[in-house]
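Let's walk through this structure together, one piece of packing at a time. Keep the 3D view open as you read.

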Amino acid sequence: MLFTSVKFAVFFILLFLLYWLLFNNKTKTQNVLLLVASYLFYGFWDFRFLGLLAGISLLNYFLGLAIGSSSRRMTRKTWLILGLVCNIGTLVTFKYFDFFLPGLQSLFSVFSIHLNLHSLGFIVPLGISFYTFLSISYIVDIYRKKLGPEKNVFYVLLSLSFFPIVLAGPINRPVSLLPQLKTPRDFDPVLASDGLRQFLWGLAVKMIIADNCAVYADKTFTDPSATGSTLFYGALFFSIQIYADFSSYSDMAIGISKLLGFRLIRNFNFPYFATDIADFWRRWHISLTTWFRDYLFLPLAYFLSGKIKKQKVLFIRSDLVIYILSILFTWSITGFWHGAAWTFIIWGLVHAFFLVMHQVFRKIKKSFLARHHLQKDLLAVAFERFFTLGMIVLAWVFFRSKTLPKAIDYLDRTFTLSLFSPPLGFPTKMIIPIFIFFTIEWAQRDKQHGLDFTDAPKTRFIRWAIYLFILLIIFFYQVKQQEFIYFKF
Amino acid sequence: MKKFLVRGGLFVFILICLYSAVIYGTSKIKYNEKYTIFNQIVNNPVKRGGATFIKFYEATHLTKPVDILVIGSSRAFRSFDPDVFEKNNLHIHLLATSSQAPVNTYYLLKEYLLKIRPKMVIFDVHLGLLNSNGIECFYDLCTNIPVSKELFEMALDIDQANTYSICYAALINQADTPIYKGYAYKVPKGYRKGFLVDYKTDSTLGTKKIDTSWMKKDLTAQEIKNLKHIDNIARFVRSHNVPILFTKQPVLSREKLLSNKKIHEIATKYQIKYLDLNKFRKDLNFSHDFYDQNHLNTYGAEKISEIIIKEIQNSNFIF
């Protein structure tokens, strides 16, 4: 049941009417309805994994209680470690076991131990990476005393399975969702209207931009005879596709939540307008990057700073060494989170390299721009944006390729003389939609989403005309509906 | 809340009116001699070969009972030669259309099995089309056959925005002018009972290196969905006590091993014979019997039809 399907439209309209018309001002009943809807929604994809979702939620509920009720630091820590092992263990078993298997076998064979393990052949449960991360943040926040242990199991079940976010985020941590679930909700027409607009924007971006870009990107990534320019545009189209695909899902999820009276974390902030790589990561998949920052990068950097006492390590300032080590580790894990393949790990490490380079040259760049009075120069800023975009597009090649040799081959074939020849099979009909898409994004870059008309002096007639136009384009323009890319993760 | 719902209702009403007006208007205004603006904006490939209109027209205006109904993709309508079957006293009709995916086949069978009441069904499997969402064939059907409940069900199953637009356009246009109204029956050149007569050969196929190995890739979500439809097809036809045979045409291209294995499993589950005609590939002359790597021409069809007839006779299908 994709957000873009008629089945979902029917499901949501029924839910919306029951939620606000029948159970208005009955918070508990509304929450029961949301929990039933969430499990129905998840079960619609694959009912076999409903037990896993419920099991993980219950486990974390009890772990939360155990951590919260203990006053001894060691006991709390033991429960936390047990929780982390269970959550990460589940994720590893389902998602990464087959990836580690050959490595494990060769490692043991060094010691003449021949492991007779076979591939488990598990299907990766949809959304497992997302709901295990929600679960981890729940118990860690209780351990850090940012959140009290939830006594009512019902709220934990709902906060870890809330249907708009359970499959592909945003990773809206229980610390922000739980209080909203407990607060009585009144229908807010302003919030609901904005939710509808955000959903419509997401729908349009997914169906007009992402799904159409996918056709050309898929073709170039599987064509062994494509020319350099075709491959270049293929990578560019994939960059647009993945952004449009994922940001549209987040927009739809946030829009749906607004219609139900919830405010979720913003997940994208027009990332392709970033002026440097660090800026990009402050704007892209914000809920994931902040998750890694809070639960991995900062604790690791803090731990290392306690261990490295010297001023310099190998002639490098110790704070930079700590940064480099923490970044490399965090980004290899970030890459690995996306999938059990070397391509994702390399993608993460490429970004780690860019971030380290950014950190090293940040001050030099700043002083250079200041010396030449270029901080606010339009051309210089445009160059920064395009340079950043170029790095991101390059890294996406690793992300999209099936294997590492294929990614290297792709780049190798791109940077040849044929890069300057006209691209083959270029979808010219996509130029105008992509141009319009980025123009709207640019115009709305200080807003929450492309159709955010808050404070905009537009009359209802103009607004409705825009919505109708977008809907008509959606109904006619889509080529082939594609599943959301982030469902795989 | 009430105000919000009233406004929402008004918006939906305006949307439906505007949507209908755009569909009707663009369907009436010609873009060029052949196509309307609507065909152009939805990329509707009405130009597809396969004589869809006439084969469905004939299926609903039968003059003689049908022994075998053949359904599938273009591989089917290029491989089952009705004349060869006729010589063996078997009257066949083909409802195979271009790019027909199992999702299309299932709903077509739901509608036409009872209308045609054949003594047997042959479903020709195209492994590559398991990866199709069926929209290409759906366009073709909406343009060439009467809109029906089953066509709506097909649209719901494909569940893509422009599928609804195409279906809605067909409904509006056919309400305006019924599809068979005033049609003067005329057999197109190279057509017989759903079969496409085409003696074109590709001499390069006899000399160039051809890769016919199995692809060892996992199934995609679309393939899993279409395999479910093949299961539905088998169950549906068997529930009407009609014998069914699965066939797969000889091809000179790579196919997915896992898809083939799954079809074998479905065939075993319903005790259906799955005739993989690839095993007769060695009996064919590549540069003479093939139209291209994926289709037979009429020379090839004559040979393969003979083989299928023998198989039917040996398998004790009763007529």
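In this predicted model, helix α6 (residues 102-116) of chain B packs against helix α8 (residues 149-158) of chain B, with the two axes 9 Å apart and an angle of about 160 degrees between them. Angles over 145 degrees count as roughly antiparallel, so α6(B) and α8(B) are roughly antiparallel to each other. Their crossing is right-handed.

Helix α10 (residues 221-239) of chain B packs with α11(B) at an angle of about 25 degrees, and their axes lie 10 Å apart. Angles under 35 degrees count as roughly parallel, and α10(B) and α11(B) are therefore roughly parallel to each other. Here, too, you can look at the handedness: α10(B) passes α11(B) in a right-handed crossing. On the α10(B) side the contact is made by B:E223, B:L227, B:I230, B:D231 and B:A234, and on the α11(B) side by B:S259, B:K262, B:I263 and B:I266. Sorted by class, the residues of the contact of α10(B) with α11(B) are five nonpolar, one polar and three charged.

Next comes the sheet of chain B. What is the order of its strands? The sheet is open and has five strands, which run β2-β1-β3-β7-β9 (chain B) with parallel pairing. At the edges stand β2 (92-94) and β9 (273-276) of chain B; each has a single partner strand, so one side of each is left without a neighbour in the sheet. From one strand to the next, the twist averages 20 degrees. For a look inside the sheet, take strand β1 (residues 68-71) of chain B and strand β3 (residues 120-125) of chain B, which pair in the parallel sense over four bridges. Within this region, B:L69 stands opposite B:V121 in β3(B). Helix α11 (residues 257-269) of chain B packs on the sheet, where this helix touches β3, β7 (244-248) and β9 of chain B. The direction of α11(B) makes about 150 degrees with that of β9(B).

Zooming out to domains, the assignment for chain B gives domain 1 (2-41) and domain 2 (52-137 + 183-314). Between the C-alpha centres of these two domains of chain B there are 37 Å.

Now move over to chain A. Its domain assignment gives domain 1 (6-186) and domain 2 (191-488), and the centres of the two, taken over C-alpha atoms, are separated by 26 Å. How many residues of each domain are in contact? Domain 1 of chain A has 24 residues in contact with 21 residues of domain 2 of chain A. On the domain 1 side, the elements that give two or more residues are α1, α4 (73-110), α5 (128-143), α7 (163-166) and α8 (174-182) of chain A. The largest share of that side, five residues, comes from α5(A). By class, the side of domain 1 of chain A that touches domain 2 of chain A has 15 nonpolar, six polar and three charged residues.

Two of these elements also pack on each other. The angle between α4(A) and α5(A) is about 175 degrees, with their axes 10 Å apart, and α4(A) and α5(A) are therefore roughly antiparallel to each other. Among the residues that make this contact are A:L84, A:L91 and A:F94 of α4(A) and A:I136, A:I139 and A:Y143 of α5(A). The residues of the contact of α4(A) with α5(A) divide into nine nonpolar, six polar and two charged.

Last, let's see where the chains meet. The contact takes 19 residues from chain A and 21 residues from chain B. On the chain A side, α1 (6-22), α9 (189-222) and α18 (460-477) each supply at least two residues. Which of the elements of chain A gives the largest share of the side that touches chain B? That is α18(A), with seven residues. By class, the side of chain A that touches chain B has 13 nonpolar, three polar and three charged residues.

Key. Residues are numbered from 1 along each chain as its sequence is written. Chains are lettered from A and ligands numbered from 1 in the order in which they are written. This is a predicted model: local features need pLDDT of at least 70, side-chain atom pairs count only at pLDDT 80 or more; totals for chains, interfaces and linings use all residues. Two strands pair if DSSP finds at least two bridges between them. Axes are lines fitted to C-alpha atoms, for helices over the stretch in contact, and angles run from 0 to 180 degrees between N-to-C directions. Two residues are in contact if their C-beta atoms, placed from the backbone, lie within 7 Å. Ala, Val, Leu, Ile, Met, Phe, Trp, Tyr, Cys and Pro count as nonpolar, Asp, Glu, Lys and Arg as charged, and the others, Gly among them, as polar. Angles under 35 degrees count as roughly parallel, over 145 as roughly antiparallel, 65 to 115 as roughly perpendicular and the rest as oblique. A crossing is left-handed if the near helix is turned anticlockwise from the far one by less than a right angle, and right-handed if clockwise. Domain bounds come from an automatic or database domain assignment.
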